[in-house]
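Reader: I would like to learn how to read a model such as this one, feature by feature. Could we begin with a single pair of residues and work outwards from there?

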There are 2 protein chains.
Amino acid sequence: MSGRLYIVGLGPGDTRWLTPEAQEALALAHDIIGYASYVERVPKRLGQTRLASDNRVEIDRAREALERASAGRVVAVVSGGDPGVFAMASAVFEAVDAGAPHWRDLDIRVMPGVSAMQAAAARFGAPLGHDFCAISLSDNLKPWSLIEKRLEHAALGDFVIALYNPASRARPTQILDAFSLLRKLLPGERFVGLAKSIGRETEEVILSTLDRVDVAQIDMSTLVLIGSSGTKAIPRNNARGWIYTARSAL
Amino acid sequence: MSGRLYIVGLGPGDTRWLTPEAQEALALAHDIIGYASYVERVPKRLGQTRLASDNRVEIDRAREALERASAGRVVAVVSGGDPGVFAMASAVFEAVDAGAPHWRDLDIRVMPGVSAMQAAAARFGAPLGHDFCAISLSDNLKPWSLIEKRLEHAALGDFVIALYNPASRARPTQILDAFSLLRKLLPGERFVGLAKSIGRETEEVILSTLDRVDVAQIDMSTLVLIGSSGTKAIPRNNARGWIYTARSAL
């Protein structure tokens with residue numbers, strides 16, 4: 001069996017964050033498979049098959065990729081950001097776990113990419129400079145009570161918190177509920193950073209606080225960062241200030 | 001003032017994870033500043049100054065970089081992995097915060113890179129596929145009691161946990177203490193992944209569990225990953241098995 005399956009991170013937005021490893025995998029692949037807006041970001045090559053699918057069919061997409069790799073093809077499953085962080089890598093291994101035994105013999109390689117969280121943090125300064133958590137607010141596949149539990153422990157542990165999937169069309173109130181919960185546990189002046197469409201032309205970066213943040217500015221493309229007790233602001237005269245989380249807590 | 005300060009992530013190990021953005025910054029810089037082993041990884045260029053320093057002088061290094069950028073030079077401060085994650089970005093903004101007011105007028109850009117945690121996760125499969133925390137075990141700059149508090153909340157919140165700086169020459173027992181604490185809160189069969197020198201020739205990947213992990217295998221170059229209740233193993237016949245954290249918790 002000579003097929004291979006690459007699970008490739010494209011990074012957020014444009015090609016400035018596309019690693020050489022990912023570039024090489026995309027060049028070698030016979031088939032590019034992924035959510036339509038990620039497949040669009042891969043440069044077209046003659047002879048390469050492109051299979052774009054809807055966002056909510058991760059497991060079908062993973063199975064299709066595994067079938068093709070089993071048939072001897074070199075397949076690249078593409079994700080925005082890092083495929084290992086709330087993205088396709090987990091779906092592919094879930095499909096392997098539940099699928100045909102010979103899929104376990106496949107050569108599957110995960111190729112990490114810059115995550116949305118890291119690109120967002122870079123825009124603000126260094127908010128992830130110390131201990132942090134990443135939490136997805138999507139309750140499609142987990143109960144909201146588990147999300148609440150994790151938000152509570154993240155707050156009580158004084159972690160910097162990165163929130164993925166803060167809102168969706170199906171359930172737009174996740175982020176309202178999350179902020180309500182966090183306001184009971186954290187001071188209102190905690191920094192909140194909203195990073196929208198990072199790396200794309202419509203990129204927007206908003207710095208606020210827990211008691212002043214405008215949830216109307218948060219959509220599906222937004223990564224939300226919430227500071228810890230060690231996150232400090234550096235005001236500037238003619239530009240947006242920076243925030244950073246101090247390395248020291250002594 | 002035409003100087004600029006780039007805070008550049010080199011990614012872990014070799015150049016396969018060096019982003020185009022980082023490559024361009026390294027090519028433009030007059031001065032490359034960083035911990036010696038990171039500066040060594042930057043290809044030499046005629047006319048470029050290279051300032052390599054010891055690992056424990058981050059703030060001095062940051063000030064030197066800020067002085068040079070203030071004098072009109074293009075300066076690249078380099079970090080392994082992502083400079084925003086337990087690395088130089090935080091030190092630079094700390095220096096700005098405490099330093100000369102005109103440093104706030106500088107053009108400072110953080111350029112994210114693939115972090116050690118992400119590269120390590122990619123080797124194991126998809127352990128970071130769902131909610132996770134990153135915690136540094138170094139108590140150089142924070143009290144051990146705070147580290148304990150964060151480990152407890154990470155465990156009680158059922159997060160996947162990535163541990164940075166699990167051991168140091170000055171205090172080799174951090175990881176022993178951390179595992180003792182976690183064993184009181186988590187079942188012994190929780191997966192523990194040790195990723196050593198990822199991306200380098202000496203790379204080594206060990207999959208174990210909380211009750212069987214051999215701490216003698218953990219050194220300064222090791223990134224430790226601890227699974228959540230949703231982290232599952234996929235055994236394989238002729239290769240190391242994969243682990244992944246299921247997207248679903250229903």
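This is a predicted model: local features need pLDDT of at least 70, side-chain atom pairs count only at pLDDT 80 or more; totals for chains, interfaces and linings use all residues.

Reader: Which strand is joined to strand 11 of chain A by 5 bridges?

Author: That is strand 9 (residues 191–196) of chain A, which runs antiparallel to strand 11 of chain A. Within strand 11 of chain A, A:Val224 is the bridge partner of A:Leu194.

Reader: How many of the residues of strand 11 of chain A are buried, and which way do they point?

Author: Strand 11 (residues 222–226) of chain A is mostly covered, since 5 of its 5 residues are buried. A:Thr222, A:Val224 and A:Ile226 point one way from the strand, A:Leu223 and A:Leu225 point the other way, and all are buried.

Reader: Is A:Ile206 buried or exposed, or something in between?

Author: Here the count of neighbours decides: a residue is buried if 20 or more other C-beta atoms lie within 10 Å of its own, and exposed if 12 or fewer do. A:Ile206 counts as partly exposed because it has 16 C-beta neighbours inside 10 Å. A:Ile206 lies in strand 10 (residues 204–209) of chain A, and, residues up to four places away in sequence not being counted, A:Ile206 touches A:Leu194 and A:Gln217.

Reader: What can be said of strand 4 of chain A in terms of burial and pairing?

Author: Strand 4 of chain A is largely enclosed by the rest of the structure, because 5 of its 6 residues are buried. Strand 1 of chain A pairs with strand 4 of chain A in the parallel sense over 6 bridges, and A:Val77 in strand 4 of chain A is the bridge partner of A:Ile7. Strand 2 of chain A also runs parallel to strand 4 of chain A and is joined to it by 4 bridges, with A:Gly34 standing opposite A:Val78.

Reader: How should I read the sides of a helix, and which residues of helix 1 of chain A are buried?

Author: An α-helix has 3.6 residues a turn, so residues three or four places apart point the same way. In helix 1 (residues 20–28) of chain A, the buried residues are A:Glu21, A:Ala22, A:Ala25 and A:Leu26. They lie on the same side of helix 1 of chain A, because they cover an arc of only 130 degrees around the axis. The face turned away from that buried side carries the exposed residues A:Ala27 and A:Leu28. The buried residues of helix 1 of chain A pack against strand 1 (4–9), strand 2 (31–35), strand 4 (74–79) and strand 5 (107–111) of chain A.

Reader: In what order do the strands of the open sheet with mixed pairing in chain A come?

Author: The sheet consists of 3 strands of chain A in the order 6-13-12. Strand 6 (125–126) and strand 12 (231–234) of chain A are its edge strands, each pairing on one side only. Strand 6 of chain A runs parallel to strand 13 (residues 242–245) of chain A, and 2 bridges join them; in this pairing A:Gly125 stands opposite A:Ile243.

Reader: Which element of chain B lies across these strands?

Author: Helix 4 of chain B lies across strand 6, strand 12 and strand 13 of chain A, running at about 120 degrees to strand 13 of chain A.

Reader: How many residues does each chain bring to the contact?

Author: Chain A contributes 60 residues and chain B contributes 60 residues. On the side of chain B that touches chain A, helix 4 (residues 88–98) of chain B supplies the largest share, 7 residues. By class, that side of chain B has 33 nonpolar, 14 polar and 13 charged residues.

Reader: Where do strands of the two chains pair?

Author: Strand 7 (residues 132–136) of chain A pairs with strand 7 (residues 132–136) of chain B, in the antiparallel sense and over 3 bridges. There A:Phe132 stands opposite B:Ala134.

Notes:
Residues are numbered from 1 along each chain as its sequence is written. Chains are lettered from A and ligands numbered from 1 in the order in which they are written. Two residues are in contact if their C-beta atoms, placed from the backbone, lie within 7 Å. Ala, Val, Leu, Ile, Met, Phe, Trp, Tyr, Cys and Pro count as nonpolar, Asp, Glu, Lys and Arg as charged, and the others, Gly among them, as polar. Two strands pair if DSSP finds at least two bridges between them. Axes are lines fitted to C-alpha atoms, for helices over the stretch in contact, and angles run from 0 to 180 degrees between N-to-C directions. The arc is that of the directions from the helix axis to the C-beta atoms.
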